[in-house]
Amino acid sequence: MDEVGEDGKRKLASGDQDAGAKKAKVDAGPLYSSFYLALVLAPRTGSDPRRLELTDPVTAFTSDLEMNKLSPSTTIDIRDIKRAGLPPWVPREPRQPDEPAPSEYAPPAPSAQPTPSATPVPRTAPEPAAKTEPPAPPVVTAKAEPVADLTFDANGSGNTSNSPVKRSVMKIKIGS
Amino acid sequence: MKMVFSGIDIDLLHATLQRPSIPDDINLNDLSNLSNLDEKMVRSLNGPRVADELLHLVPNVRTYRLALCAIKLWAQRRCIYSNIMGYLGGIAWALMTARVCQLYPKACAGTIVIKFFTVYKGWKWPKPVTLKNLEEHSLGFRVWNPTTSMQDRQHIMPVITPAYPSMNSTYNVTKSTFAVLQSEIRRGALITGRIKDNNKATWETLFNKSTFFSDYKFFLQVTVGGATKDELDSWYSLFVCSVRVENYYQRRGFVESRVRHLINSLQDSPGILRVPPYPGTSSLIDV
């Protein structure tokens, strides 16, 4: 039995692609396939919210796909999501009690390696702005705001207000 | 061509040989089969040729196969088994296991698995993993060589195939996936070290499933859509594993993964340290 995902979409487990094709013929609905990239962000240095500009890599990626060679009904949608926003069907394996903590097999500290950058450098005074601001919180709270979904049509066109699909800039704002 | 036959994933390769007929007992290791073939055909033929040669290069085939089963299970459970997504594919894991078998010719399969993690935890990448000296031949196909090729010099975790023309089986590895692979190998070394150390850990722990979606806070979700399964398949194959010949490499052939390009450009963006991909997909139907 299929699980029900977000927006009432019925989800097929990975590997059930044949079953998916059969159902698609019956339901005559479009098919989707998703994959996920994790984003490991640099620690926030100040109190300002982090702002990631992903337009260039995403635009380069989609223009590289040569979508004009595909059927007009093909679509691509790229969006940033937080862990809490992941759809229910992604596998969330529980952490086993016998699983060693990542810190137990973390790589040796960089200071142990004799590199030129490891040469002691006198610490400079913090920048004036840092003196007046409260210290950064120990735990980074993050808020991802998808400014716009990136949806492209098969011709690679869009970006018009009356177009059913749009090419827009995706910005991710992290932080409060 | 990718297919599933009786529940088994199969990559069906095709090559056209310049011969009037193909005998049942054709010896694919005969280099004359490669004459007048283009790079794509040679790559196709190299699948079975590498597998054949690999079995000749390990000291004990039974031990090797058993150890490789364990390594592949571990890699699948830990979500690091996918050449397309920038991790290692089946041939790379096979070559790395075979190298450990060569280093410890008398060891049993369990010891090979333990040594696998010990050896690769301390491996000085990008020093390549090779099973034999690389061959040059008058046929003139390009052999992996970081001293003459800038492209090869950029490979960060080279695992080289033994059959002529030798190639790197891990060209899709990125800075991000390399970090994940290294972390998983260190984890394996820690657990197998404890297993060896008076059973302070169990083999089951080594094969614990990855907690990928719990390990990270932020994700990029890429969803491709099509009206039919064929459309979706064409989309997907174009998306992740298209074979493209670029001008510079026109004579040599060059397999590119667009996902690798996306990962590389994302991880070079300001504020992003790494972009580990999840080596699986999910499909859904919009109703």
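Here's a quick briefing on chain B, from its overall make-up down to a few individual residues. Keep in mind that this is a predicted model. Chain B has 10 helices and 5 strands, and 51% of its 287 residues count as buried. Its largest nonpolar core runs to 79 residues.

**Overall make-up**
- Chain B has about 13600 Å² of accessible surface, and carbon and sulfur atoms hold 53% of that.
- Take the contacts in chain B with a separation of 6 or more: 59% of them join residues 24 or more positions apart.

**The nonpolar cores**
- In the largest nonpolar core, with its 79 residues, the ones with the most contacts inside it are Trp74(B), Trp93(B), Met96(B), Phe116(B), Phe117(B), Tyr120(B) and Trp125(B).
- The top contributor to this core is helix H3 (residues 90–103) of chain B, which puts in 8 residues.
- As background, nonpolar side chains tend to be buried together in soluble globular proteins.

**A look at Tyr120(B)**
- Tyr120(B) is one of the residues with the most contacts inside the largest core.
- Setting aside residues up to four places away in sequence, Tyr120(B) touches Met96(B), Arg99(B), Val100(B), Trp125(B), Val129(B) and Ile185(B).

**Asn33(B), a buried loop residue**
- You'll find Asn33(B) in the loop of chain B that runs between strand S2 (8–11) and helix H1 (39–57).
- Asn33(B) counts as buried because its relative accessibility is 4%, and the cut-off for buried is under 20%.
- Its side chain reaches the backbone oxygen of Asn27(B) at 2.8 Å.
- Beyond its neighbours within four places in sequence, Asn33(B) is in contact with Leu17(B), Arg19(B), Ile26(B), Asn27(B), Leu28(B) and Leu45(B).

**Cysteines**
- The disulfide count over all chains is 0.
- Cys69(B) is in no disulfide, and the nearest cysteine sulfur, on Cys101(B), is 12 Å away.
- Is Cys69(B) buried or exposed? Cys69(B) is exposed, because its relative accessible area is 53% and exposed means over 50%.
- Cys79(B), on the other hand, has a relative accessible area of 14%, so Cys79(B) is buried.

Key: Residues numbered from 1 in each chain as written. Chains lettered and ligands numbered in written order. Predicted model: local features only at pLDDT ≥ 70, side-chain atom pairs only at ≥ 80, totals over all residues. Heavy atoms only, no water. Helix = DSSP H or I, 4+ residues; strand = E, 2+ residues; numbered from the N terminus. Buried < 20%, exposed > 50% of the residue type's maximum accessible area, 1.4 Å probe, protein only. Polar contact = N/O pair within 3.5 Å; in protein donor to acceptor, adjacent residues only side chain to side chain. Contact = heavy atoms within 4.5 Å. Core = buried A, V, L, I, M, F, W, Y, C linked by side-chain atoms within 4.5 Å. Areas by Shrake-Rupley, 256 points an atom, 1.4 Å probe, with all protein chains shown as cover. Disulfide = S-S within 2.5 Å.
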